[in-house]
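Visitor: Before we walk through this model, I would like to hear for each label what makes it apply. Could you set the values against the definitions as we go?

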Amino acid sequence: MVPSEDVKPSASELKPYPSLPDMLPPITEVSRNTLREWCRLHNLSTYGKKVEVYERLQKNAFSEQKCHIPQTPLEAKMKPKSKKAKKEPMPQNLKREREEEENAIVEVLTSERESAFASWGRIVTRAGLPMSANQQPLPSNGKTFLLPAPGFRWCVVHGRLLPADEPGWVCLQMNIGHTWVPDSPQRMIPLFLLPACVFPNPGVEDNMLYPECVRRNKRTMRNFTKDKRSSRKRKILPPNLPP
């Protein structure tokens, strides 16, 4: 009987098989239908169970290769593809640590009391110096006063990105081992505020001060100068005058 042209081939006949390999894979990694197809390519019989077909193919087409021939059909059964292990929810503390690692931000925790003592210690150290030591000429080269710009800038005191479109941003200067804040086109004053112990992402410039911090630092310097002048006046008053 001549088959009708309207008869469609089965799904198994339409399914593409892997091309003939150079090395015969383990029997648990290949299906029986694929082995039968490889037998056809070598003009071998496709009759028999999976173990028989595999052994026939190995002896005739891959005789130089040593393969494990299982004794039972169960051993020859194809292994299912491994499924991805279901991810368990990550604890909040580990999640936070992972996010910080990804953001490449390093934070050193310091208590409020320690921060205050460090800031006071800096002011006290400066108080013992002459006024000339608390002012330095502004370098002519390099960035000092920054113009408003779109986006964000990193403030060393806040320890985070803040809007760069506010006027008054300055670029901190390093001189004689200390950090200085540009105060006028001619001079700069010491940084009295304590920088945050937070480091930004790689590539982010971390030597700038937010306008609010610039004003706070200037007030500290002004109060410091006023107190120093008052103490001088008290010293030069004649001892016979009432306090």
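Visitor: What makes strand β7 and strand β8 count as a pair?

Guide: Strand β7 (residues 178–182) and strand β8 (residues 187–190) are joined by 3 bridges in the antiparallel sense, and since two strands pair if DSSP finds at least two bridges between them, the label applies. The strands themselves are DSSP runs (E, at least two residues; helices are H or I, at least four), numbered from the N terminus. Among the partners, P182 is bridged to M188 in β8, W180 stands opposite P190 in β8, and a hairpin of 4 residues leads from β7 to β8.

Visitor: On what kind of model does this rest, and how are its residues numbered?

Guide: This is a predicted model, in which local features need pLDDT of at least 70 and side-chain atom pairs count only at pLDDT 80 or more, whereas totals for chains, interfaces and linings use all residues. Residues are numbered from 1 along each chain as its sequence is written, and side-chain values use heavy atoms, with hydrogens and water left out.

Visitor: Which strands belong to the sheet, and why do β2 and β6 stand at its edges?

Guide: The open sheet has 4 strands in the order β2-β8-β7-β6, with antiparallel pairing. β2 (136–137) and β6 (173–175) each have a single partner strand, so one side of each lacks a neighbour in the sheet, and that places them at the edges. Between β6 and β7 there are 3 antiparallel bridges, with T179 in β7 as the bridge partner of M174. The hairpin of β6 and β7 has 2 residues between the strands, and in it I176 takes a positive phi near 45°.

Visitor: How do you know whether R187 is buried, exposed or partly exposed?

Guide: R187, which is found in strand β8, has a relative accessible area of 31%. Buried means under 20%, exposed over 50% and partly exposed in between (1.4 Å probe, protein chains only), so R187 is partly exposed. The C-alpha atoms of R187 and L138 are separated by 4.6 Å, although the two residues lie 49 residues apart along the chain. Beyond residues up to four places away in sequence, R187 touches Q135, Q136, P137, L138 and P182, where contact means heavy atoms within 4.5 Å.

Visitor: What makes W169 and Y210 an aromatic pair, and of which kind?

Guide: The count comes to 1 aromatic pair. W169 and Y210 have their ring centres 5.4 Å apart, with 75° between the planes. Rings of Phe, Tyr and Trp (its six-membered ring) pair if their centres lie within 6.5 Å, and planes under 30 degrees apart count as stacked, over 60 as edge-to-face and the rest as tilted, so the pair is edge-to-face. It links distant parts of the chain, 41 residues apart, with W169 in the loop between β4 (160–163) and β5 (170–171) and Y210 in the loop between β10 (208–209) and α7 (211–236). Both W169 and Y210 are buried.

Visitor: Where do helix α2 and helix α3 meet, and at what angle do their axes cross?

Guide: The axes of α2 (residues 32–41) and α3 (residues 50–61) come within 10 Å and cross at roughly 35°; axes are lines fitted to C-alpha atoms, for helices over the stretch in contact, and angles run from 0 to 180 degrees between N-to-C directions. R32, L35, R36, W38 and C39 in α2 meet K50, V53, Y54 and L57 in α3.
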